[in-house]
Amino acid sequence: MADTPTSSAAPSFKRAHFIGIGGAGMSGIALVLHERGFAVSGSDLKTSRYIRQLTRAGVDIHIGHTASTIDEVSPDVVVVSTAIPETNPELARARELGIPVWPRAKMLSALGQGYTTVAVAGTHGKTTTSSMVATMLDRMGEDPSFLIGGIVEGFDTNGKNGHGRYFVAEADESDSSFLYLNPNVAVVTNVEADHLDHYNSLEEIERTFADFMSLVGEDGTVIVCGDSPHLAELARSTGRRVVTYGFEEGNDVVCTPHAHAQNIANAAAVRLPGDRSVDIEIRNNPGRHNLLNATASIIVADVLGLDIASAARALSSFEGVRRRFTHVGEVAGVTVVDDYGHHPTEIRATLTAAKSLGYNHVDVVFQPHRYSRLQAFADDFADAFADADRLVLIDVFSAGEMPIPGVTSKMLADLVEKRHPGKEVHYIADRLAVSEELARIVDEGDLLLTMGAGDVTTVGPEFISYLSSKEA
């Protein structure tokens, strides 16, 4: 087990080795550390987009995990994620040699020392919101450093070492590791039950988020969505300064969406304390939930003492986050979009936005992520696809979990049909047959939306290639 959470000191080491460096979070931290002049090495089981990015940057990458790698690179500190078991040969060798082992978030916190840190947490929306904040600050000329669990469009990276005073971090609650952080500003978009492989209950999750918000110093600010009164109450229980936002009157900051034509752009008026208001526009992220994310970003600028009109203009340049309603392509009159949504609440919000865009049908290919999540939220998943005209389910992406008897995508398909008679539902067991089946199901003028946190992201490009070859 890695060290327990305590405030991280500024880095005193010279060489760091990352076990599992190819992950979305680990790779960004390694990249920024490398850009700051530290000697960085890392290992992973296979190459990936993130591995290639690190290799191009000059990071020493080892494919495969072997004990001898630790002897070869001779690190002062080893960094691990919770996905790395104690049986990992590199981790075991580091323990044997007495090398300090840090969890990912402790290194993230160390990189924030000396900066004004904005940490964005929440069950949903943290990647998009932290990306909005980073983009906004960058376009305002603040040149922030950022570390985010997704590729930020316009930067083509998940981590950047800026030279300004701000450090923007996505704060991951999945394993409580965000308690290592030391934020000046904490944003919490929402708190719901998730990651029940780590937490025992929603109450434990809420206590952990309260602990996170308490990490903000007495001169800092906690920003929360007040449309959830319980979240606002949880934030105020910390004794910190709290700013609430949302659609509902009574929040400190109120977002009023503008009526708009059926398109992907989104706009709203944001009213702040002191009889101030500003119009915001986000051009590539449909849905009311993204207006809330943008509103939180404007509040960040305000509490940092920045001009909100300049912040709104900068925010309008936000291009999105890869795998968050990402346009994949067009084929045979079908628009293909890919989205990371893998929790029922995320799915509902994304499909509500998709339904408003005016396509003939919204067709969804969904891959459940983790057997434990599907088991815990089976009924919620069954009801989450109300705005999908057609639903295609492919097998569960295990994310390293062992199968749970009876918990399958076929089970979910049967449950959707039982709870929603008449809903067109297809379960496709043969992954190689997905493109052929989609060609039979999907019509010209449709939106095809692939959803999930696993390798469902390859379905869209495969479908486009399949139909293109048929048309040739």
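Residues are numbered from 1 along each chain as its sequence is written. In this predicted model, local features need pLDDT of at least 70 and side-chain atom pairs count only at pLDDT 80 or more, while totals for chains, interfaces and linings use all residues, and side-chain values use heavy atoms, with hydrogens and water left out.

User: Why is strand β11 called largely enclosed?

Analyst: Buried means under 20% relative accessible area, exposed over 50%, partly exposed in between (1.4 Å probe, protein chains only). Five of the five residues of β11 (residues 221–225) are buried, so the rest of the structure largely encloses this strand.

User: Which residues of β11 are buried on each side?

Analyst: Thr221, Ile223 and Cys225 are buried on one side, and Val222 and Val224 on the other. In a regular strand the side chains alternate between the two faces of the sheet.

User: What makes β11 and β12 a pair?

Analyst: Helices (H or I, at least four residues) and strands (E, at least two) are DSSP runs, numbered from the N terminus. Two strands pair if DSSP finds at least two bridges between them. β11 and β12 (residues 241–246) have five bridges, in the parallel sense, so they meet this definition. Val222 has Val242 in β12 as its bridge partner.

User: What makes β10 and β11 a pair?

Analyst: β10 (residues 185–188) and β11 are joined in the parallel sense over four bridges; Val187 has Ile223 in β11 as its bridge partner.
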